[in-house]
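Here is a short walk through a structure, meant to be read with the model open beside you.

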Amino acid sequence: MKYSTALVALMVVSSTAAAQGTFHGNVARTGVYEGGGPTQAPAVKWTFKAAGPIVTSPAIAGGVVYIASMSGHLYALDQGTGQEKWNFKSSRPIASSPTVDEGTVYFVSSAGSLAAIDAATGQPKWVYAIEHERRFEAQGLHGYPYPKQTIPDAWDVFTSSPAVAHGKVYFGSGDGNVYAIDAKSGVLQWKFATGDVVHASPAVAGNTVYIGSWDSRLYAIDAESGLQKWAFEAGQDPSYHNQVGFQSSPAVVDGTVYVGCRDAHVYALDAATGRKKWDYPTSKSWVNGTPAVRDGTVYVGTSDTSRFMALDARTGRLKFMYTAGAYIFSSAALAGDLAYFGSHNGRLYSVNAKTGQLAWQFQTEGSKRDPMKILNADGSLNREAMTPTFGDFQDMYVDFYRFISVGAIMGSPAVDGGVLYVGSMDGNLYALK
């Protein structure tokens, strides 16, 4: 069968947009990208300086890179040069990775509103506002003093990144609900109540939306009706609320849902029933990133133990482990033979996806400067420099600022046309080739 040149071009553009235009590569959140990325220590093709720290992941569509910043700006950048085409200013910080679909960019603001922006002009099309937004919070959080004080969790970093499927935009909210909004009109189609804040991003496979909540349950919801199909309950921690909650978004591959949890486990669940197939314990270390899954292997990082792991997708058996210098909240991107992920030390790591051997690493400008001297030469954390200042919950926010100073990479890289794009808390979006 022969295709016209124009039709072939359209098919290629549509395929690329679908593959790159949302958090973790696709609505199933598998983290898999077409083609390869940089295979050796990369050169910086271009750098774009945002007005504030970046914790989000880039979306790529139609030759444009879209990235959101904690300054409240959503930027549209020329993919080839990094030149700004437009920016949209939200009234609040943006910790939601944008999604691009059919000429519209969607993101969730830190006020909880779902915004639809014209991808060509940066002008708003519509906004759906929720009743309220908040971080996960609890009394006695992490064992800090004053156990009756309700403390918002500084490590609840991300807000939900939208998924577009079936003509609807799906996202979670700090008001505890999962929403389905008509993609064209912004009209509510349904909402589903969970027991706590929902900042994980939904994965969509078939007619099911999969999403976790800070109530430590992962839900499977009918994409059309909003009715619950099943719910899986992970660990609970009623005393300190440390080993509890889903920040990780699920990845759905071949009838299995893979997801990490702050209860220090990676889970594999049957997508149809929610039955647990296996779980992998991570020595009380949070799993906040979304698993990347390809060729029978699950790739995911941990927080305190700073491990990047490859697990057998069928059994959960450990295949390899690479120890990074600092916490890993970043979700890995798989492209070619390599897995790419960031760390709180401002380094981007590239490891062989089969062996776990380090291929190369890249340092952000903030990491090179290290103005507060929180890093050792090998990229590990200088524990003396990380000594608590107040001895209470305020130390979470001090540490957050420390990680801003070294350009921590909390978002997930995106790969397109041999170039890797990744944002940093030093405010830079890097294009590496």
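Which residue in S18 is the bridge partner of Thr208? The partner is Asp222. Before going further, please note that this is a predicted model, in which local features need pLDDT of at least 70 and side-chain atom pairs count only at pLDDT 80 or more, while totals for chains, interfaces and linings use all residues. Residues are numbered from 1 along each chain as its sequence is written, and side-chain values use heavy atoms, with hydrogens and water left out.

**Strands and sheets**

Strands here are DSSP runs (E, at least two residues), numbered from the N terminus, and two of them pair if DSSP finds at least two bridges between them. The pair that holds Thr208 and Asp222 is made of strand S17 (residues 208-212) and strand S18 (residues 217-222), which run antiparallel and are joined by five bridges. Both belong to an open sheet of four strands, ordered S16-S17-S18-S19 with antiparallel pairing. Strand S16 (203-205) and strand S19 (228-233) are at the edges with a single partner strand each, so one side of each has no neighbour in the sheet. From one strand to the next, the twist averages 20 degrees (axes are lines fitted to C-alpha atoms, and angles run from 0 to 180 degrees between N-to-C directions).

Further along, strand S22 (residues 265-270) runs antiparallel to strand S23 (residues 276-281), again with five bridges. Opposite Ala268 you will find Trp278 in S23. The two strands form a hairpin with five residues between them, and Gly274 in the turn has a positive phi of about 80 degrees.

**Salt bridges**

Side chains of opposite charge can pair when their charged atoms come close. A salt bridge is counted when a side-chain nitrogen of Lys or Arg is within 4 Å of a carboxyl oxygen of Asp or Glu; by this rule there are 11. Three of them are listed here.

| Pair | N to O distance |
|---|---|
| Glu102 and Lys184 | 3.0 Å |
| Arg217 and Asp215 | 3.9 Å |
| Arg294 and Asp295 | 3.8 Å |

Arg217 is partly exposed at 29%, whereas Asp215 is buried at 8%. Arg294 is buried at 19%, while Asp295 is exposed at 66%. Salt bridges also link Arg134, Glu137 and Asp196 in a network.

**The largest pocket**

What is the volume of the largest pocket? The volume is about 390 Å³. A pocket is an open set of points on a 1 Å grid over the protein atoms alone, where a 1.4 Å probe fits, with protein on both sides within 12 Å along at least five of seven lines; lining residues have an atom within 4 Å of a point. The volume is the space filled by probe spheres set on the points. Of the 17 lining residues, Tyr144, Trp155, Trp286, Asp304 and Tyr327 are the closest to the centre.

**A buried loop residue**

Asp156 sits in the loop between strand S11 (150-152) and strand S12 (163-165), and is buried at 2% relative accessible area. The C-alpha atoms of Asp156 and Phe136 are 6.4 Å apart, although the two are 20 residues apart along the chain.

Terms used
Buried means under 20% relative accessible area, exposed over 50%, partly exposed in between (1.4 Å probe, protein chains only).
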